[in-house]
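User: I'm new to reading protein models and would like a close look at one part. Could you walk me through the sheet and what packs against it?

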Amino acid sequence: ELEASGRPVETSGYTDGMPLSRLVNSALARILREASTNVLKHGDVGTVRIRMSLDHDAVGLEVRNPVSPESVRREPAQAGYGTTRMAERTRHFGGEFHSGYEQDDWFIAVRLPLR
């Protein structure tokens, strides 16, 4: 969907053969889908960067996309439901969630414990 909308996608990190439980894998897939929806709804056209990481304790997911400061400021008051859902899902698994505007990008960063 991202590429079809004219946004190139770059992936990096460890993504092949991650030993994840079905629950963690499902949570990551839902978070990635919500992050992608937010990119399509709110992001500027440009490269979307998706990075996965894995260590002995946790799996990480970071999604970054270009967004202008003006776009961040003009978001309506009801915006943020997607970010809230991602944060709640992450907390449900005992993980960490961060999001924000940094260096002309909007980002979400998730870290979920391996189960």
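Analyst: Happy to! Five strands make an open sheet in the order 1-2-3-5-4, with mixed pairing. Strands here are DSSP E runs of at least two residues, helices are H or I runs of at least four, and both are numbered from the N terminus; two strands pair if DSSP finds at least two bridges between them. Strand 1 (9-13) and strand 4 (96-102) are the edges: each has a single partner strand, so one side of each lacks a neighbour in the sheet. From one strand to the next, the twist averages 10°.

This is a predicted model, so local features need pLDDT of at least 70 and side-chain atom pairs count only at pLDDT 80 or more, while totals for chains, interfaces and linings use all residues. Residues are numbered from 1 along each chain as its sequence is written, and side-chain values use heavy atoms, leaving out hydrogens and water.

Now to one pair of strands. Strand 4 and strand 5 (residues 105-113) run antiparallel over seven bridges, and F97 has V110 in strand 5 as its bridge partner.

Helix 1 (residues 22-42) packs on the sheet, touching strand 2 (48-54), strand 3 (58-66) and strand 5. Contact means heavy atoms within 4.5 Å. The direction of helix 1 makes about 10° with that of strand 3; angles run from 0 to 180 degrees between N-to-C directions, with axes fitted to C-alpha atoms, for helices over the stretch in contact. Helix 3 (residues 81-92) lies across strand 4 and strand 5, at about 150° to strand 4.

Finally, look at I108: beyond its neighbours within four places in sequence, I108 contacts residues including I31, L61, M86 and F97.
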